[in-house]
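I opened this model to look up a few local features and to write down what I found. The entries below are kept in the order in which I went through them.

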Amino acid sequence: MIFISVAVSISSMQALTYSVPEEMEGHVRIGKRVLVPLGRRKVTGYIVAIQGTSDWEGVKDIIEILDQAPLFDEDDLEFYRWVSEYYMYPLGKTLKAILPGGIDVESGRWLLLSPDWQDSRETGLSDTENQIVELLKECPAGISMKQLKASIPERHLRNDIMKLQERGFLNAEERLKKPEIKVRREPLISAAGEPPSDIKLTEKQGNIYDVIVEKGEVPLSLLRGKFKNVHAVLRSMEKKGFIHVAEREFYRRPQGEDAIGLGGGAITLTTEQEIALGEIVGGISSQEYSPYLLHGITGSGKTEVYLRTIEEVLAMGGSVLYLVPEISLTPQLLSRINERFDENIIAILHSGISRGARYDEWRRIERGGARIIAGARSAVFAPVRNLRLIIVDEEHDESYKQDDHLTYNARDIAIVKAKMNAAAVVLGSATPGVRTYFNTKEKGFTRLALTKRVEDRSLPVIDIVDMKDEREEKGGVSILSKFLKDAIGDTLTDGKQTLLFLNRRGFNTFLYCLDCGYVFKCRNCSISMTHHAGEGALRCHYCDYSIKSPPICSGCGGGRVKSYGVGTERLEDEIRRLYPKARVARMDSDSTAKKGSHGKILRAFDRGETDILIGTQMITKGHDYPNVTLVGVVSADSSLNIPDFRASERTFQVLTQVSGRGGRGDSPGRVVVQTFNPEHYSIQLARNYDYPGFYNEEMTNRKGLGYPPYSRMINIRMSHSREETVRNAAAKLGEIARNECEKYGVQVIGPAEAPIAKIRGRHRWHMLLKGANSGMLRAFAGELLAKTKKSAADIKLDVDPVNFM
């Protein structure tokens, strides 16, 4: 008898053991999905080991093998296990998060009225019980628990359901839910050898036959697109002996989009590009793990180096994984890749494509049918065959980090994946993450520099506007300075385009002094304190230190202390009011929520149909538009004053990146940065594009406070629908942590209420763990989880956190 270890999407870190019925033994392989019993339920699991014996008695049989071919192999599983262990997330849940969605089979609990139920008016039921009965009356075939909870929200229904069951009013049963996504098959038409000589075809049949002969094999969908009422015609042709109709598996592909920003012919590499290309190709040829930082200023031609490197990998018979941080970057990336390479060897993976296409792309990759795999962060898990190169473009970008469930960082695990595959990995950026730059000095990463723009174009000149000097007629602070307003007007007159950037990450507001620009910071953590206007308080969301909102500035003693914050919609309204004839578009999480909206907005901008594009971080990343000559940063302070030790790094990065969007064509670019802190080092050094100067300043600050890369961190997040419950859970966890932390060499910061204290009805607290040894840090976090298993609050871990909001 064969036994298998099956990872199931439950909270246990351990796989479960099942036996395999004799008739299924020949079909068992690692990487296939199986339907297994789990208590009263039936769920999908993933085969992660096969063995001939088991130490367990009473092992249950699997019910069904769900895949004809594996979705991953043993090498992929080794990588997935590493991810599961490092991020302290159960393997079953990890695999469910990694694999394409909508493919699993599972049972769900359904409720239906029993034949013995009575009229609720005579039974003295509670209001909630009455609601349940009335819903079930309307659904005689039953209703799923998921539907019931959606119909009666914000109620705990378990006790009401148990009472109705005890009284014999309703029955519960498990029903299997079919997967949303399945392997797609379609008819394939081919000519049946020598056509019969004694039978003639009609004109339409002859036209169809000519297409079939020309193509060799033709999918039915292609013929449907060319001819009307094709089904009846094909049946007649099959009867006449002219064609064969078979069935084949059909791959759904992501829908093609219009090209954005295609190149204009052959490109001659600069000397710096040639050197970088040679170094990377040498690393690939060595067939050893080779990590590189491609540190190129904006507009220096990093993408061309990537594309030339891909050509070399394909010539060697290898495959490439190409990651970008945002879905919004994929339309332009795909335009460039499709222009250079055969579309049949390209696969796309990101959350913006349909589930069916994602499933089919995954299987095509696993079978070796795709050799260039491009996508956003989740593409890092693709089961690429013969992987020789991983490209992580805009490697500094925080979008590579997943904030919930499996809280992985695609940039970090891309490095691990390259190491496991003895491949090269290229991390590209104009503003590398401090940790990545640190790795070039301390961890053996090779830094390759591109210090000049293509065609020796100059970087935009950056003007800094001190917003303390700007006033509205009523005495408040203006959204736009006179300098920026005039610059927008001049750009419109010249027929050029403007980008206006506003960083609203975290929804926080801050207090500043109108006289000296002083921003209030925590005395313990050296991060900006968030202004809670309703409470009249400033609070640190790391350690929970708080003070009353001061009427007097601590920096200069002045009395003009104000709160500041502005959103993209308000900015759009102001722009439309000031420039009524301008064509204005907005690109943020609201305007891009609809599928395909990223590409639609960017294509309109690429075609010159938009004069002014307003946006958040989405517009700072990797876009290349030659007609943009003005970039306006509405509030540099929005990123500088978030409660995060990386605030200065993010500010330097975002100012440099957004500045680099201008001046990429024949006309020079200019940048206007509005700020209340014009002397801050991150702003001054960004003005001069001085990355080494910024790195040295930032590392001095981090070393003194023991922040990464001089330490590692884990954020423990707690939440509950009741504020008191989560507060008490946080206090208990904090007490346990402080009693145990010394033996692990870990520092405990907090617990404190999260900066965004409530999301979707759940109150939120967090506690930071900081230590020099990653293994000891995770061991300590694991002990804390074990000791708080019975906590009423939901407790989750975020290893190497990026978002502290």
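This is a predicted model: local features need pLDDT of at least 70, side-chain atom pairs count only at pLDDT 80 or more; totals for chains, interfaces and linings use all residues.

Entry 1, helix H13. I first asked how many residues of helix H13 (residues 410-420) are buried. I found that 9 of its 11 residues are, so that the helix is mostly covered; among them are Arg-411, Asp-412 and Lys-417 as well as Ile-413, Ile-415 and Val-416. Looking for what lies over these buried residues, I noted helix H1 (74-86) and helix H14 (434-442), together with strands S13 (319-323), S16 (387-393) and S17 (424-429), as part of the cover. At the N-terminal end I found a cap from Asn-409, a side-chain oxygen of which lies 3.0 Å from the backbone nitrogen of Arg-411. Just after the helix, I recorded a positive phi of about 50° at Ala-422.

I looked up how H19 (residues 647-659) and H21 (residues 691-705) pack, and found an angle of about 170° with the axes 10 Å apart. Because angles over 145 degrees count as roughly antiparallel, I describe H19 as roughly antiparallel to H21. Ser-648, Glu-649 and Phe-652 make the contact from H19, while Tyr-691, Phe-694, Glu-698 and Arg-702 make it from H21. I sorted these residues into 3 nonpolar, 1 polar and 3 charged.

I traced an open sheet of 4 strands with antiparallel pairing, in the order S31-S32-S30-S33. S31 (746-759) and S33 (794-799) are the edge strands, each with a single partner, so one side of each has no neighbour in the sheet. Neighbouring strands here are turned by 20° against each other on average, direction ignored. For S31 and S32 (residues 762-771) I noted 8 bridges in the antiparallel sense, and I found Ile-759 opposite Arg-762 in S32.

Pro-708 and Pro-709 are joined by a cis peptide bond with omega about 15°, and Pro-709 sits in the loop between H21 and strand S30 (712-720). The bond from Gly-750 to Pro-751 is also cis, with omega near 10°, and Pro-751 lies in strand S31.

Glu-394, in the loop between S16 and H13, has a positive phi of about 50° and is buried at a relative accessible area of 5%. Tyr-689, in the loop between helix H20 (681-687) and H21, has a positive phi of about 55°, and at 21% relative accessibility I list Tyr-689 as partly exposed.

Conventions:
Residues are numbered from 1 along each chain as its sequence is written. Side-chain values use heavy atoms; hydrogens and water are left out. Buried means under 20% relative accessible area, exposed over 50%, partly exposed in between (1.4 Å probe, protein chains only). Helices (H or I, at least four residues) and strands (E, at least two) are DSSP runs, numbered from the N terminus. Contact means heavy atoms within 4.5 Å. A polar contact is a pair of N or O atoms within 3.5 Å; within protein, one must be able to donate a hydrogen and the other to accept it, and residues adjacent in sequence count only if both atoms are side-chain atoms. Axes are lines fitted to C-alpha atoms, for helices over the stretch in contact, and angles run from 0 to 180 degrees between N-to-C directions. Angles under 35 degrees count as roughly parallel, over 145 as roughly antiparallel, 65 to 115 as roughly perpendicular and the rest as oblique. Ala, Val, Leu, Ile, Met, Phe, Trp, Tyr, Cys and Pro count as nonpolar, Asp, Glu, Lys and Arg as charged, and the others, Gly among them, as polar. Two strands pair if DSSP finds at least two bridges between them.
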